Structure formats: C-alpha cells, structure tokens
Amino acid sequence: GLNFIDLMVRQGNIDNPPKTPLVPGFECSGIVEALGDSVKGYEIGDRVMAFVNYNAWAEVVCTPVEFVYKIPDDMSFSEAAAFPMNFVTAYMMLFEVANLREGMSVLVHSAGGGVGQAVAQLCSTIPNVTVFGTASSFKHEAIKDSVTHLFDRNADYVQEVKRISTDGVDIVLDCLCGENTGKGLSLLKPLGTYILYGSSNMVTGETKSFFSFAKSWWQVEKVNPIKLYEENKVIAGFSLLNLLFKQNRGGLIKGVMDKLLNLYTNKKIKPVVDSLWALEEVKEAMQRIHDRGNIGKLILDVEKAPTPLMANDSTETSEAGEEEEDHEGDNENKERMPFIQ
C-alpha cells in the first residue's frame, strides 16, 4: 500500500528517517513463505496482511508475527494491502480517541483518500452520524454518496459548515495541518475533539522545502491550554506507526483489527482501491498521491507489468488511459510542482 507518509519519508519530512539506501512502505499483503521457530497460529501458504516498519515495497517481506493478520477468504490481496493503515487509523481516531457516538458530527479532510473513505464508512456504522468532507471538486461525483455534506477543498469550509451546523462539529480529523489547525479548532462544539494525524501541507515539490515547512508551522494556531479549558475543547494527535513501532501497542491494534475484520465480514466496510501499479511505476504512483488525484488507495503490485506508454502526469491520465479534465477552481492541480523529476 502507498500512503502519504511514504511521500514524507521520501522528502525527509519525518523525524529520524533510516539511512539510505532503504526500502519504503509500511503495509503489505501476501502469502506466508517461511516461519520463525516460535511462531504459532500461522502456516506456510496462509494469506495474510501485515504492518512493516519500512521494507514493505518488496517481493519478500519479514515482520514480527504480532503485526500479521489473516486475510478473510473473500478479500483480495489488493484490498488487503489497502486495509490496515487506513482502517486502523480511522477506527482508532473515531472510537478510541474521539469516542464517536450516535448523533455526532465529523469533519474530515481529503475525504476522497484512503483514510477519508475509511472514516466515512466507519461513520455509517453508527446511527445518525453527519459527515462533513472536503475534497477536490473532480472527486465529488465519485464520493458524494459516502459523505453527508461535501465541500471543495479550496472553498471556505468553515463558513459552509457553520451555515449547516451553527454550533460546529463534534470531531475534526485533520491530515493537512498549517492554517487548518486553527480552522478546525474554531469549528469544535463544546466537548468536541480535534485530532491531527498528518501534515500533508508540508509536502510540496521534489525535495524538502524549508520555506514551505516553516510557513506551515507558522500558520499553526498556538494552542493555549487555558482557552481549551474555557471552551471545553480537546486537542489530540494520532500516529499509528509510532503506536506500533515506538510505543509497543501491537496488542491494542490486534484487537482493533479483529473488530474491523468482523465489520468487513459483515459487509459493513470495504477498502476502496484507486489503482494498481507495477514496482517500476512507483514514481508515477507517488506523483498521483502528491497531486491528490486518487480516490481511495494506490497499490504496488509485484506481479503487475508496467503499463506501456505511461503518461508523464499520472493525475491527468488514469490507469485505464482515460484523460481527466483540467478542473476549474482546483488551483493546486493547475499550479502543482512535480514531486519527482
């Protein structure tokens, strides 16, 4: 699976990245080829999905058994590679951090992405949850049924939300950071929860830009604990990879995966796969994520051959070769900077 965190690794926007050369990637699916001496519960030939602390973009992957889960019989390998990061992140934020309950409202950015679609599906499992989402306008037709109220990512979503819900929302899930932090906090109802789980606004061109990085941090509203106290608001952060690999909460994640797989088996949730890419096409795949051209998850398939005559801009040409229009009002699409030259 490809995730936005992979772009941040590629650009150096994370703390203490491993030294190069490295193999990126944090989740995968496949068939068990070999077992450690003390491994129980799995057999060679089992279909599994797993979290990996780097090294997932490979034909052979090794990871501790606590990060491995069996794939349901009716789940494909591409769906399985799209499942762990997005759905565990969405579930933990909604139910473990924000305590989503019946009748609440949620604002999620990048509603057309992998996590955004997982959030929308999980919200639909709770009665009367209102989902506000932001996404590029060309995605609206494809995702309109999954979100209650959908806004263009370049629009003034704060005013749009308040027009519909005067008091704001109960939960804000922010993967953008920068100026959106203050906007998200301003939209919270009393006892509402703002959760930062990414900072995609800090990823711009091919290499790490100190200017864009500093600008994003400068735009983050300085949080005053006294103000949180007076307004009855909660601010939180969530990093699944840190929880797994630095804070040793694999057992907690195992319980969450059990609940998620039960929801999948009961046809309550289903991973949205945007497209499959050969390993040789990773440059174009990462560009598509950078340009926010995907709806759902991009997957690297080790058995897929490269597509002949691939267009230089993966955002304007889909996997099927169908060109997308230049979408009016999507400024970032018009002015985008190549992620990889």
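Modeller: Happy to! One term first: a residue is called buried under 20% relative accessible area, exposed over 50%, and partly exposed in between, using a 1.4 Å probe and protein chains only. What you see is a predicted model, in which local features need pLDDT of at least 70 and side-chain atom pairs count only at pLDDT 80 or more, while totals for chains, interfaces and linings use all residues. Residues are numbered from 1 along each chain as its sequence is written, and side-chain values use heavy atoms, with hydrogens and water left out.

Six strands make it up, in the order 6-5-4-7-8-9, with parallel pairing. Helices (H or I, at least four residues) and strands (E, at least two) are DSSP runs numbered from the N terminus, and two strands pair if DSSP finds at least two bridges between them. At the edges are strand 6 (149–152) and strand 9 (234–237); each has a single partner strand, so one side of each lacks a neighbour in the sheet. From one strand to the next, the twist averages 15°; for such angles, axes are lines fitted to C-alpha atoms, for helices over the stretch in contact, and values run from 0 to 180 degrees between N-to-C directions.

One place to look is Val-106, whose bridge partner in strand 5 is Val-131. Packed on the sheet is helix 6 (residues 157–164), which touches strand 4, strand 5, strand 6 and strand 7 (169–174), and its direction makes about 155° with that of strand 6. Contact here means heavy atoms within 4.5 Å.

Lys-189 and Asp-170 form a salt bridge, at 3.7 Å from N to O. Lys-189 belongs to strand 8 (residues 188–196) and Asp-170 to strand 7, so this pair ties together parts that are 19 residues apart in sequence. Asp-170 counts as buried, because its relative accessibility is 14%. By salt bridge I mean a side-chain nitrogen of Lys or Arg within 4 Å of a carboxyl oxygen of Asp or Glu; the whole structure has 10 of them.

In the salt bridge between Lys-233 and Glu-231, the closest N and O atoms are 3.3 Å apart. Lys-233 is buried at 15% relative accessibility, whereas Glu-231 is partly exposed at 32%. Asp-274 and Arg-288 also meet in a salt bridge, at 2.9 Å from N to O. That pair links strand 10 (residues 273–277), which holds Asp-274, with helix 12 (residues 282–290), which holds Arg-288, and the two residues are 14 apart. Arg-288 has a relative accessible area of 6% and is buried.

To set the sheet in context, the chain contains 13 helices and 11 strands, and 49% of its 341 residues count as buried. The largest nonpolar core has 58 residues, and Phe-51 and Ile-253 are among those with the most contacts inside it. A nonpolar core is a set of buried Ala, Val, Leu, Ile, Met, Phe, Trp, Tyr and Cys residues joined through side-chain atoms within 4.5 Å. Helix 3 (residues 84–97) gives the most to this core, with nine residues.
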